[in-house]
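Subject: Structure handover

Hi,

Here is the structure I promised you. Please open it first, then read my notes below.

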Amino acid sequence: MTFDLPRRLTAEFLGTLLLVCTVVGSGIMAETLTEDVAVALLGNTIPTGAILFVLITILGPISGAHFNPAVSFAFLLRREISALDTGLYILAQVAGGILGAIIAHGMFAQELIQTSSTVRTGGAQWFAEIVATFGLVGVILGGLRFRVDAIPMLVGLYITAAYWFTASTSFANPAVAISRAFTDTFSGIRPVDLPGFITAEFIGAALAVALFGWLLKGNDDKVPS
C-alpha cells in the first residue's frame, strides 16, 4: 500500500509531535516527582523508547516513520527519497516537534512558549551526538536489510540505551533538538547550542550511510549506498 504526499507529511508531523510531546512531558513529570537527576532521566528515557516503538509501528507504513531530519537526510543520500520530499518532511517534522513541546507545556499548566536556558555544548557533547546519530541510522539500515518487522523495537531499544551511554543523552534528531530549545524544562537545550548539535547529527547520519552502505552489501546483492 502506498500513501500520497499529504498523508505522508501528516504522519511525519503527527509522529514528531507525539515524540516531542512525550520527551518534554515525561521530563516535566519526572522533574515534578523527584529531585534525583538519575531517576528523572530514567523517567524520561523509558517513555521515549516506548513511544518510538508505538509511533514507528502505526505510522511507519504511511511515511516510513522518519520523525527526524537526519534520517530523512540519510535516505536522501541513499537516493530513496527526493530532495523535494526531504525538504517537506523536515518542515513537517520541525513544525510538529515545536507544537509537541507547546502541547506538553499546556498539559502541565506551564507557559506555552518558552526558551530553554539549559547549557548543552562542547566537544564531548557534539561527539556524543555524532555517535548517537550514527548508531541510530545504522540500526535503521540494518533493520531494513535483515528485520524490517523489528525496526520499531530496534529503534526504541537503541534510543533507550543511548540516553545512558552518550554524554548528550542522545538527541540524535535535529527536529527534536530544535523543539527542545522551546522548553525551559528538564529536556531543554539553549537555542545558541543548537548549531553544534544539528551539525553533529547530520555528520553522524552521513557516516552511517557511508559505512553501512558498504557493510550491508553482500557479494550477490545490490544495496543502495
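**The largest pocket**

The lining of the largest pocket divides into 23 nonpolar, nine polar and three charged residues. Keep in mind that this is a predicted model. In total, 35 residues line the pocket. Ile56, Gly64, Ala65, His66 and Ile140 lie nearest its centre. The space inside comes to about 560 Å³.

Which elements give two or more residues to this lining? They are α1 (5-33), α2 (37-63), α3, α5 (123-146), α6 (151-165) and α7 (174-180). Helix α2 supplies the largest share, with seven residues.

**Two packed helices**

Next, look at α3 and α4. Two packed helices are described by the angle between their axes and the distance between the axes. Helix α3 covers residues 69-77, and helix α4 covers residues 83-107. They pack at an angle of about 175 degrees, and their axes are 9 Å apart. An angle over 145 degrees counts as roughly antiparallel, so α3 is roughly antiparallel to α4.

Which residues meet there? From α3 come Pro69, Ser72, Phe73 and Leu76. From α4 come Ala83, Thr86, Tyr89, Ile90 and Gln93. By class, this contact has six nonpolar and three polar residues. It has no charged residues.

**The whole chain**

Now step back. How many helices and strands does the protein chain have? There are eight helices and zero strands. Along the sequence, the pattern reads α-α-α-α-α-α-α-α. The radius of gyration is 17 Å, close to the 17 Å that the globule rule gives for 225 residues, so the protein chain is as compact as a globular protein of that length. Its C-alpha trace spans about 55 × 35 × 30 Å along the principal axes.

Best wishes

Methods. Residues are numbered from 1 along each chain as its sequence is written. This is a predicted model: local features need pLDDT of at least 70, side-chain atom pairs count only at pLDDT 80 or more; totals for chains, interfaces and linings use all residues. Side-chain values use heavy atoms; hydrogens and water are left out. Axes are lines fitted to C-alpha atoms, for helices over the stretch in contact, and angles run from 0 to 180 degrees between N-to-C directions. Helices (H or I, at least four residues) and strands (E, at least two) are DSSP runs, numbered from the N terminus. Angles under 35 degrees count as roughly parallel, over 145 as roughly antiparallel, 65 to 115 as roughly perpendicular and the rest as oblique. Contact means heavy atoms within 4.5 Å. Ala, Val, Leu, Ile, Met, Phe, Trp, Tyr, Cys and Pro count as nonpolar, Asp, Glu, Lys and Arg as charged, and the others, Gly among them, as polar. On a 1 Å grid over the protein atoms alone, a cavity is a set of points where a 1.4 Å probe fits but cannot get out, and a pocket is an open set with protein on both sides within 12 Å along at least five of seven lines; lining residues have an atom within 4 Å of a point. Grid points are joined across faces, edges and corners, and a volume is the space filled by probe spheres set on the points. The radius of gyration is taken over C-alpha atoms; the globule rule is 2.2 Å times the number of residues to the power 0.38.
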